2 protein chains.
Amino acid sequence: MSELRPVFYVSDGTGITAETIGHSLLTQFAGMRFQTDRLSFVDDGEKARDAADRIRRTGERMGARPIVVSSCVDPALSALIAESGALMLDVFAPFIEPLERELGEQRQSRVGQAHGLVDFDTYHRRINAMNFALTHDDGMAVNYDEADVILVAVSRAGKTPTCVYLALHYGIRAANYPLTDGDLETDRLPARLRPYRRKLFALTIDPERLHQIRQERRPNSGYAKMETCKREVAAAEAMFQVERLPTLSTTNKSIEEISSKVLSTLGLQREMY
Amino acid sequence: MSELRPVFYVSDGTGITAETIGHSLLTQFAGMRFQTDRLSFVDDGEKARDAADRIRRTGERMGARPIVVSSCVDPALSALIAESGALMLDVFAPFIEPLERELGEQRQSRVGQAHGLVDFDTYHRRINAMNFALTHDDGMAVNYDEADVILVAVSRAGKTPTCVYLALHYGIRAANYPLTDGDLETDRLPARLRPYRRKLFALTIDPERLHQIRQERRPNSGYAKMETCKREVAAAEAMFQVERLPTLSTTNKSIEEISSKVLSTLGLQREMY
């Protein structure tokens, strides 16, 4: 077994940027084991010294040199953190100089900026999109006219988390259409969906996995039965094929990956929040 | 007015890492204007050549050299994309060599890894946390015993998006407690919350902003009135102070920042998904 390495995501703000890139980097070293810690809002000298102390002590206790993935914008804070003796990976440093040269402008080192202050409009778009996703979940109170995308699938194939993610991160108004037994009796689109063909994206799933998910939700119900799952998935996939809907299997996919595929397939270009 | 620069987030996977760091970098050049585009799942030579074409043509059309923020792991794909003539910023490259040296291991260049395949347990934890947030939203069907955190605030102060974000990104079981008129008649905690003191986190908001948000939701209602907002916020803040609850004002804060503060204040250490 390989040694356990302490990793610290250190930031003057939320640390989301540091953690996102740090996590991506670490997954490329699959043979190693990491213990990760987040130190957010390290935005003055005292907090930076406290952070350095904690990092150094953790390294001593674990007998392994810590790795710091830092997004602190102020070089003075970075220098204090580096006194911990950790390997310092500054996620912005390598890109600032080439960008300054290319843009002919100096960067402004405002602290904690990326995920910090927001204007009312931005906040509102996200919240409205999220409220839309929550009130249009599983076809309860549906107004498909206002939807940017409508996810079509059998129950528990991944529609709700994908809708919420699209709303929260892209301000996309995403609605659900859960296929019912009645819908699955034919291989044609339900009449209610036909006017919205260009907004439709179909999700499917391995019947074994669906069975596993439904079983956790409603153990030993008819709904969770392997037989039911097989039948529903086969009927849904037949419909998606006949109607030529863009279709993605969610089995083993992350919510991020499903959401990205929906956006790129339907050509929805929104900035990520 | 400064020129408009085309920026492309290019990735062999979802592009979330490239877009997260790219966005953080661009916010440090506040004087510039950028037009951003996402090119996800660029995972073979043909797609890389198509991407390079599109990038080059956009630059020509806009009369400005494009900037590419790339998280493609395969150097051959990066080389093809670089033929677009764009300024190439590879988000992994600067960190791989120091990490390889530190860890004594070569990175494995699996494509699209960070936000790609996931195991069942991980997926399930996220989904369960999200279902928890959705069913415990605004005190509907509440089981606070199972909650990791309970957000306390008046209606529309930011509880729901924060709960959903905490669930989706950290697998945190976050519940809501919306303060009612009855609760606000005293400055003591509602009896139902008292057993859970260590899980409580209070949100407050500028009354003007609350008025603006409620006004959009239920125009000209008593609920949205400036007077009501002022009274509710003052009463809630008095309670938070008397009860010494950790409190954050959500005015002008992003969902990410609110969520990060909740985690760091309550000492909740979870890895980000």
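This is a short chat about a predicted model with chains A and B.

Biologist: What should I know about the numbering and the chain letters?

Modeller: Residues are numbered from 1 along each chain as its sequence is written, and chains are lettered from A in the order in which they are written. This is a predicted model, so local features need pLDDT of at least 70, side-chain atom pairs count only at pLDDT 80 or more, and totals for chains, interfaces and linings use all residues, while side-chain values use heavy atoms, leaving out hydrogens and water.

Biologist: How is chain A divided?

Modeller: Into domain 1 (4-103) and domain 2 (120-266). Those bounds come from an automatic or database domain assignment. The C-alpha centres of the two domains lie 38 Å apart.

Biologist: How many residues of chain B are in contact with chain A?

Modeller: 88 residues of chain B are in contact with 88 residues of chain A. Contact means heavy atoms within 4.5 Å.

Biologist: And what area is buried there?

Modeller: About 8,600 Å², with carbon and sulfur atoms giving 62%. Buried area is the accessible area (1.4 Å probe) that two parts lose on being put together, summed over both. B:Gln28, B:Phe29 and B:Phe95 supply 8% of the area that chain B buries against chain A, more than any other three residues.

Biologist: How many salt bridges cross the interface?

Modeller: The rule finds six. It asks for a side-chain nitrogen of Lys or Arg within 4 Å of a carboxyl oxygen of Asp or Glu. One salt bridge joins A:Arg65 and B:Glu102, with the closest N and O atoms 2.7 Å apart.

Biologist: Which helix of chain B gives the most to the side that touches chain A?

Modeller: Helix 5, with nine residues. Helices here are DSSP runs (H or I, at least four residues), and strands are E runs of at least two, numbered from the N terminus.

Biologist: New topic. How can chain B be laid on chain A?

Modeller: By a turn of 180° and a shift of 0.0 Å along the axis, with an RMSD of 0.0 Å. That is the relation of a two-fold axis. The copies are superposed by least squares on the C-alpha atoms of residues with pLDDT of at least 70 in both.

Biologist: Which residue of chain B comes closest to that axis?

Modeller: B:Pro94, at 3.4 Å (C-alpha).

Biologist: Why do we say the copies meet through the same surface?

Modeller: Because 100% of the interface residues of chain B are also interface residues in chain A.

Biologist: Back to salt bridges. How many over all chains?

Modeller: The count comes to 30. Among them is A:Glu19 with A:Arg38 (2.7 Å, N to O). A:Glu19 lies in helix 1 (residues 16-26) of chain A and A:Arg38 in strand 2 (residues 33-39) of chain A, so this pair ties together parts 19 residues apart in sequence.
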